[in-house]
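Hi everyone, thanks for coming.

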Amino acid sequence: MREGHLATAPAIHDSWTGKANESLFKPFYEATRKARTELVQIGGDPYKAYKTRLSIALRLLWPKRTEQRSPFWRPDWRMSMVAEASVRHWSVAFRAVQQGHQLLALRNVDAAVFWSPDGTAPDTYRIGTGFGEVKAKFIQPGEIIPEGDD
């Protein structure tokens, strides 16, 4: 609205907002961030095992089959995390487009494809392998970008 993308302000009907310091996931986030930082340096099988186990832990919040549900099954938590990640992903890509970058695709919550003839990533992204950072991948002309490529 402030930036002129909406003609009128949306009507807020309800809000469930907690204090920033009351995050249930902060200890989990801090532990996984520390482990990831250490394992990125090591690489190989320990890092692959970490990624697999973290993915399983997050998937327990929204399993596909009823018999897979854990005592921690909370679809509201999972949907909240995915929604927040999606908004952040879209916002960063949108700021890059506003700076003149050409967005080709925006996939799920973890992949944005830009046309970059000079081989530079938009500066709206933090490049790296840590939390909040993205890997920059460059392809040659004619090469196809695989779906879900990690």
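Before we look around, one term: a residue is called exposed when its relative accessible area is over 50%, buried when that value is under 20%, and partly exposed in between. Please also keep in mind that this is a predicted model.

So how confident was the predictor? The mean pLDDT of the chain is 80, and 88% of the residues reach at least 70. Among the elements, strand 1, residues 102-107, has the highest mean at 87, while helix 2, residues 44-59, has the lowest at 84.

Now the overall layout. You can count three helices and two strands, and from the N terminus they come in the order α-α-α-β-β. The chain has 150 residues, and 13% of them count as buried. Looking at contacts with a separation of 6 or more, 29% are between residues 24 or more positions apart.

Let's turn to the first pair of helices. In general, two packed helices are described by the angle between their axes and the distance between the axes. Here, the axes of helix 1 and helix 2 come within 8 Å and cross at roughly 155°. Because angles over 145 degrees count as roughly antiparallel, helix 1 is roughly antiparallel to helix 2. The crossing of helix 1 past helix 2 is left-handed. Which residues make the contact? On helix 1 they are F28, T32, A35, R36, L39, V40 and I42, and on helix 2 they are G44, P46, Y47, Y50, L54 and L58.

Next, the salt bridges. How many are there? The count comes to two.

One of them is in helix 1, residues 26-42, where E38 and K34 sit four residues apart, about one turn of the helix. The closest N and O atoms of E38 and K34 are 3.1 Å apart. Are these two residues buried or exposed? K34 is exposed, with a relative accessible area of 55%, whereas E38 is partly exposed at 44%.

For the other, move along to helix 3, residues 75-98, where E84 and R88 are also four residues apart, about one turn of the helix. Their side chains meet in a salt bridge with an N to O distance of 2.5 Å. And here our opening term comes back: R88 has a relative accessible area of 52%, so R88 counts as exposed.

Notes. Residues numbered from 1 in each chain as written. Heavy atoms only, no water. Salt bridge = Lys/Arg side-chain N within 4 Å of Asp/Glu carboxyl O. Buried < 20%, exposed > 50% of the residue type's maximum accessible area, 1.4 Å probe, protein only. pLDDT = per-residue confidence, 0-100. Axes fitted to C-alpha atoms, helices over the stretch in contact; angles between N-to-C directions. Parallel < 35°, antiparallel > 145°, perpendicular 65-115°, else oblique. Left-handed = near helix turned anticlockwise from the far one by under 90°. Contact = heavy atoms within 4.5 Å.
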